[in-house]
Amino acid sequence: MYSRRMDHLPPYLFARIDEMKEEKRRQGVDVIDLGVGDPDLPTPPHIVEALCAAARDEKNHHYPSYTGMLAYREAVAEWYRNRFGVDLDPRKETLALIGSKEGIAHIAEAFVNPGEVVLAADPGYPVYKTSTLFAEGKVHEMPIRAENGFLPVLEDIPAETVRQAKLMFINYPNNPTAATAPLSFFEEVVEFAREHNIVVVHDNAYSEITFDGYRAPSFLEADGAMEVGIEMHSLSKTYNMTGWRIGMACGNPGIVAGLGRVKTNVDSGAFDAIQHAAITALTGSQDCVRQACSVYQERRDVLVKGLSEIGFDVRTPKATFYVWVPVDDCMAFAAKLLDQAGIVATPGIGFGRNGEGFVRFAITRSIERINEAVERMGGLDL
């Protein structure tokens, strides 16, 4: 029934975790879900109100623009200028996305021919690899390890692989490791991409979820980044809008145009009313973002302290809402947590083979639930 391509497509980890979680709930288990990174905080009211008003306007009930409303793309450009000091032409260097996942899933189809290589960090967001498979490319895994600050070592990539490489995915602040990257790393990537004619795709979905005064840079801040790359961004994590499906691609106009050409053939654009709400989010007060980060920081501190007291060697993350914890066997550990304590954690192997030896906890539950999870874990032989 299925195409041969499906033989190479792995089961989506989070879908399987959802199945296991629901089975436990059917058994009457009080499950504490620290797995999938879906904010539990609501979308700020002023954004919801903007959507409601726009949804009532019949002008927004028709097919939207494939590339996004110009007003939305102008708001994106203004936000990038204010936040990162990056100047973008909203007509040529920005593109509306139905969430950044959609852009990541389609970008390889625009630039990768069958058999060409895509460089992807491992562990990493699974869609980097699946998008390559759909484009019939080959994935070269760039290991990211603790001893290197969870940054890929570009000089370790074999020369023959580099010659075949067409595209590179990077992601900082990082999912799943919560690592951050200095601007100097992005500058190194730019030089590497220039030398080898590689398109860089930076997934920057977590740049606004930061703690302790840390401010994450944009890849586009690096000198020359606009010549070689594109940045995918999203309102999902920043404004608690995961279900709304709205994001943006920004950067090199040729790369933006290539992605846009694919999109015109596979979707009909984001609902205009959601774009109006996104304009409100990007151009309005950012107090809601700061308040959310304060909540996450408090939760982070509680989880890190609790895990440390149990005996885990935990690094305190400066960004994202994940805590990346070393364990002996990630699948066995995650299964034990679910079976014996009713706690969902994501095994690192689900993000790639270099994720073995880690589990990812998401701080997207209340302090009360996090404290309860720590208490349950403390009663196990881990």
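Mentor: Happy to! Find Pro-347 and you will see that it stands opposite Val-359, which belongs to strand E12. Keep in mind that this is a predicted model. That pair of residues is our way into the pairing of E11 with E12 (residues 358-362), which is antiparallel and rests on two bridges.

Now widen the view. E11 and E12 belong to an open sheet of three strands, in the order E9-E12-E11, paired in the antiparallel sense. E9 (322-326) and E11 (346-347) are its edge strands, each pairing on one side only. Look next for helix H11 (residues 287-310), which lies across E9 and E12 and runs at about 10° to E9.

Let us move on to another strand, E3, which covers residues 117-122. Is it buried or exposed? Six of its six residues are buried, so the rest of the structure largely encloses E3. As a general rule, side chains in a regular strand alternate between the two faces of the sheet. In E3, Val-117, Leu-119 and Ala-121 are on one side, Val-118, Ala-120 and Asp-122 are on the other, and both faces are covered.

Which strands does E3 pair with? One is E4 (residues 138-143), which runs parallel to E3 and is joined to it by six bridges. Within this pairing, Asp-122 is found opposite Pro-143 of E4. To get from E3 to E4, the chain passes through helix H5 (residues 127-134), making a right-handed β-α-β crossover. The other is E5 (residues 165-170), also running parallel to E3, with four bridges between them. Here Leu-119 has Met-168 of E5 as its bridge partner.

H3 (residues 70-84) packs against H10 (residues 272-283) at an angle of about 20°, and their axes are 9 Å apart. With that angle, H3 counts as roughly parallel to H10, because the cut-off for this label is under 35 degrees. On the H3 side, the contact is made by Ala-71, Tyr-72, Ala-75, Val-76, Glu-78 and Trp-79. H10 contributes Gln-275, Ala-278, Ile-279, Leu-282 and Thr-283.

Definitions and conventions:
Residues numbered from 1 in each chain as written. Predicted model: local features only at pLDDT ≥ 70, side-chain atom pairs only at ≥ 80, totals over all residues. Heavy atoms only, no water. Buried < 20%, exposed > 50% of the residue type's maximum accessible area, 1.4 Å probe, protein only. Pairing = 2+ DSSP bridges. Right-handed = clockwise from strand over helix to strand, strands pointing away. Contact = heavy atoms within 4.5 Å. Axes fitted to C-alpha atoms, helices over the stretch in contact; angles between N-to-C directions. Parallel < 35°, antiparallel > 145°, perpendicular 65-115°, else oblique.
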